[in-house]
Amino acid sequence: MNTAVIAIPAVVFYFAGGLSTGLRLFGNPDSARPPRYLGIAFGLVGALLHAAVLYQGMTRAGGLDFGFFHAFSLAAWTIVLLLLLSSASKPVENLGIVLLPIAAITILLALRYQEVRVLDPDAPWGLKMHVLISLLAYSLLALASMQAIMLAIQDRHLRRHRPVGFVRALPPLQTMETLLFEMITVGFLLLTVALASGFMFLEDMFAQHLVHKTVLGITAWTVFAVLLWGRWRFGWRGRTAIRWTLTGFAVLALAYFGSKAVLELILGK
């Protein structure tokens, strides 16, 4: 089956989910607004179709294609899936206003730019687990960074005593902060396992062009470790927590997608 036949509906459902969430948050409070579950439902259908697109696009005779745009799309799908699963018990679905359209864009990019970077199916199981855990760690910390941005917007409006409709629709500040640190804690633990397992499968760090990625990964781990220690020891919160979260994720994103973009798209390695 042509991948585009599945990809286009996935993009449409993702954008519909983001639009539905946006109308619920920013719509006129005096008029009817889409219910909470509608955006989640659109996102879920989009995620199911996205999974089929990934399967068709990444499955190769020699293994799984982990080229830059396919890896980017897979990360976006994982983030959306974690968001939708979390929204069943936690008020995090508002993040879909940004994350669902981003996931739609990654599908279009993967369709437009086809590359082949195959992960051998005979690769050690430990290496496959390392890839999976790294992806989960990145996805959770990406969610945390989006939560931090929402928290920053909420904090700014509350400090000015001008909470607009969007801010009034968000959970209380303390709940938002608690969710942020729950995401960071789990993401940090996964990142710790990912880094530790990565060292077990590095045969030649220089030959594999992984020095910069490893150094940036350790730097990001250090940033999140300091943030969690500061939260435990000094009760860091608010703007301090937001700055550390966004800094840590920026370094982590640079470690994976920044280095991957340079190596594959610029240097062609």
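A cavity here is a set of points, on a 1 Å grid over the protein atoms alone, where a 1.4 Å probe fits but cannot get out. Its volume is the space filled by probe spheres set on the points, with points joined across faces, edges and corners.

This is a predicted model: local features need pLDDT of at least 70, side-chain atom pairs count only at pLDDT 80 or more, and totals for chains, interfaces and linings use all residues. Residues are numbered from 1 along each chain as its sequence is written, and side-chain values use heavy atoms, without hydrogens or water.

Confidence next. pLDDT is the predictor's confidence in each residue, from 0 to 100. The protein averages 84, and 83% of the residues score at least 70. Helix H2 (residues 36–58) is highest, at a mean of 94, and strand S3 (residues 118–119) lowest, at 58. Helices (H or I, at least four residues) and strands (E, at least two) are DSSP runs, numbered from the N terminus.

Now the cavity. The count is 1 cavity of 30 Å³ or more. H2, helix H3 (68–86) and helix H4 (96–112) each supply at least two lining residues.

Last, two residues. Ile8 lies in helix H1 (residues 3–26). Val193 lies in helix H7 (residues 173–200). Why do both count as partly exposed? Because that class runs between buried, under 20% relative accessible area, and exposed, over 50% (1.4 Å probe, protein chains only). Ile8 has 44%, and Val193 has 41%. The C-alpha atoms of Val193 and Ser134 are separated by 8.2 Å, at 59 residues apart along the chain.

Terms used
1 Å grid on protein atoms, 1.4 Å probe; cavity = no way out; pocket = protein on both sides within 12 Å on 5 of 7 lines; lining within 4 Å.
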